[in-house]
Amino acid sequence: MVLSDRTIKDEIARGRIIIEPLIPSCIQPASVDLHLDKKLLVFKPQRHPAYIDIRRSPDHLNEVVELDEDNAFFLNPGEFVLASTLESITLPDDIVGRLEGKSSLGRIGLLIHSTAGYVDPGWQGHLTIELSNVAKLPITLYYKMKIGQISFLRLTSPVDRLYGAAELGSKYQGQIEPTASKYHEDFVKGS
């Protein structure tokens with residue numbers, strides 16, 4: 001069941017859902033608007049043939065770009081960057097989150113996630129978002145702009161193991177800025 005604004009406010013007041021910072025006017029009928037934080041993780045220009053090896057850390061391919069209050073970052077057509085939400089989110093053991101884009105941004109070709117829209121029970125941290133421009137023109141991105149929204153669903157029962165539990169191998173718990181893929185760690189562990 002998707003939580004209504006009334007239930008979201010109640011869960012926040014009880015400290016079960018934590019959103020920091022929370023702007024009360026960002027609570028929508030069944031979601032909460034989220035904002036773009038300062039740092040973007042972009043692919044470095046490559047001077048030689050390059051590829052992404054999923055068995056290797058992609059850190060050598062990326063660089064951090066920091067947004068300021070006044071200047072836009074231009075996301076070019078076909079370009080992909082990682083960003084994070086200004087807000088830190090913490091979820092209890094019986095609620096999951098669903099990250100979605102803002103329809104107004106989708107209508108101009110800005111997608112905020114391709115596969116990573118699910119937020120597990122027990123999650124703590126800033127959400128990394130996958131920004132893609134599918135339009136034919138560059139799209140401007142600004143620090144603190146509304147970038148997406150999170151809705152919440154109640155589970156049939158509390159989970160046995162929260163996201164972040166050691167035996168689950170959760171890779172992104174507690175992240176505070178855009179975090180590149182850690183898929184390569186699965187090969188080290190033999191998963």
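**Core, pocket and sheet**

Modeller: In this predicted model, the largest nonpolar core has 36 residues, and those with the most contacts inside it are Leu-36, Leu-131, Ile-147 and Phe-152.

Biologist: Which element gives the most to this core?

Modeller: The elements that give two or more residues to the core are β2 (32–35), β3 (39–43), β5 (73–75), β6 (80–90), β7 (95–101), β10 (124–133), β11 (139–141) and β12 (146–154). The one that gives the most, with 4 residues, is β6.

Biologist: How many charged residues are in the lining of the largest pocket?

Modeller: The largest pocket holds about 770 Å³ of space and is lined by 32 residues, with Ala-116, Thr-128, Glu-130, Tyr-172 and Thr-179 lying nearest its centre. Two or more lining residues come from each of β3, β6, β9 (118–119) and β10. By class, the lining has 19 nonpolar and 9 polar residues, while the number of charged residues is 4.

Biologist: Which residue in β12 does His-35 stand opposite?

Modeller: An open sheet of 4 strands runs in the order β2-β12-β7-β9 with antiparallel pairing, and its edge strands, β2 and β9, each pair on one side only. Within this sheet, β2 and β12 pair in the antiparallel sense over 4 bridges. Ile-147 touches His-35, along with other residues including Leu-34 and Leu-36, but the residue in β12 that stands opposite His-35 is Lys-146.

Methods: Residues numbered from 1 in each chain as written. Predicted model: local features only at pLDDT ≥ 70, side-chain atom pairs only at ≥ 80, totals over all residues. Heavy atoms only, no water. Core = buried A, V, L, I, M, F, W, Y, C linked by side-chain atoms within 4.5 Å. Buried < 20%, exposed > 50% of the residue type's maximum accessible area, 1.4 Å probe, protein only. Contact = heavy atoms within 4.5 Å. 1 Å grid on protein atoms, 1.4 Å probe; cavity = no way out; pocket = protein on both sides within 12 Å on 5 of 7 lines; lining within 4 Å. Points joined across faces, edges and corners; volume = space filled by probe spheres on them. Nonpolar A, V, L, I, M, F, W, Y, C, P; charged D, E, K, R; others polar. Pairing = 2+ DSSP bridges. Lists of a residue's contacts leave out its neighbours within four places in sequence.
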